[in-house]
Amino acid sequence: MVNRKPMNIRRGTYSRIHSIAHSLIILFGLTSCIDTIQLDLKDVGDQIVIEGKLTDDSTGNEILVTKAVDFQLKNDFPPVTDATVTVRDETTNQTEVLTQTYPGVYSIQQLKGISEHQYTLTVQADGNTYTATSTMPARVNFDQLTYESVKRLKTVTQMVAVYQDPASVDNYYRWVLVANRLQSNNVFVRSDVATNGNLVRQTIVDDVEINPGDTITVDMQCLSKTSYDYFNGLMKLQGNNINQGASPTNPQTNLSGGALGHFSAYTSQKRTVVVQ
């Protein structure tokens with residue numbers, strides 16, 4: 001079962017990844033309806049966690065700076081409110097010093113993501129400097145959102161994204177599903193290793209129960225290889241196609257300086273359907 005959480009109007013899809021990432025970064029054993037996994041949990045100390053996104057949409061772009069807490073402590077991640085956060089477009093040399101709009105949340109208000117531009121994030125906090133770079137890939141058009149019935153133990157409805165994958169480059173995708181303004185906690189990514197150059201009907205794997213009358217929005221995101229590796233790590237830790245027998249590890253970060261988390265520049269395109 002998915003623990004749905006109301007969408008925050010100001011934070012949007014980003015708040016969901018923040019919650020997932022913190023749980024997984026500190027090697028949190030996800031609870032399910034089957035066996036409980038016993039992990040050799042490590043203390044994380046007073047470590048900085050930076051989670052940032054810049055999209056080709058003009059809204060919702062922000063950097064979240066918090067501190068990780070040890071697994072034994074309560075699920076409370078203190079915001080870092082005195083950080084200096086900048087984002088630089090290396091293609092145009094434009095730099096924006098971000099404004100803190102909520103405790104620990106630094107909003108990108110001037111820069112807008114442009115495909116094939118490289119962006120550098122710099123965070124100065126507690127006397128340390130953390131940096132990350134991310135290049136926004138070209139957008140692949142989200143042609144259609146539809147759905148189909150799939151028989152398992154019972155018949156379920158699954159969303160299907162239809163798009164033409166370009167043959168000229170490697171492509172990496174992530175889909176975020178929102179049902180009736182409630183956002184799924186599922187992380188789902190795919191590469192085009194098996195679909196390069198094809199017209200793709202991608203079934204979106206999610207455990208949200210979809211019923212007639214539901215309004216479903218899917219955000220199709222085109223990621224860099226580095227961002228794909230990060231979200232794929234989250235997906236595996238969440239339990240989707242996890243390598244059984246392997247010990248969970250922190251998802252691969254692109255941040256220097258010892259911070260946890262990730263900074264990603266990606267394209268975003270949403271489509272909505274009402275299930276009949």
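Select His262 first, a residue of strand β17, which covers residues 260-274; helices (H or I, at least four residues) and strands (E, at least two) are DSSP runs, numbered from the N terminus. The model is predicted, with local features needing pLDDT of at least 70 and side-chain atom pairs counting only at pLDDT 80 or more, while totals for chains, interfaces and linings use all residues. Residues are numbered from 1 along each chain as its sequence is written, and side-chain values use heavy atoms, without hydrogens and water.

His262 is buried because its relative accessibility is 3%; buried means under 20% relative accessible area, exposed over 50% and partly exposed in between (1.4 Å probe, protein chains only).

Next, display Ser227, whose side chain makes a polar contact with that of His262 at 3.0 Å. Such a contact is a pair of N or O atoms within 3.5 Å; within protein, one must be able to donate a hydrogen and the other to accept it, and residues adjacent in sequence count only if both atoms are side-chain atoms.

Then select helix α2, residues 225-238. Its buried residues include Ser227, Tyr230 and Phe231. After α2 comes Gly239, with a positive phi near 115 degrees.

Return to β17 and select Phe263. Phe263 counts as buried because its relative accessible area is 0%. Beyond its neighbours within four places in sequence, Phe263 is in contact (heavy atoms within 4.5 Å) with residues including Gly52, Tyr119, Ser227 and Asn254.

Notes: Expected span 1.5 Å × (residues − 1).
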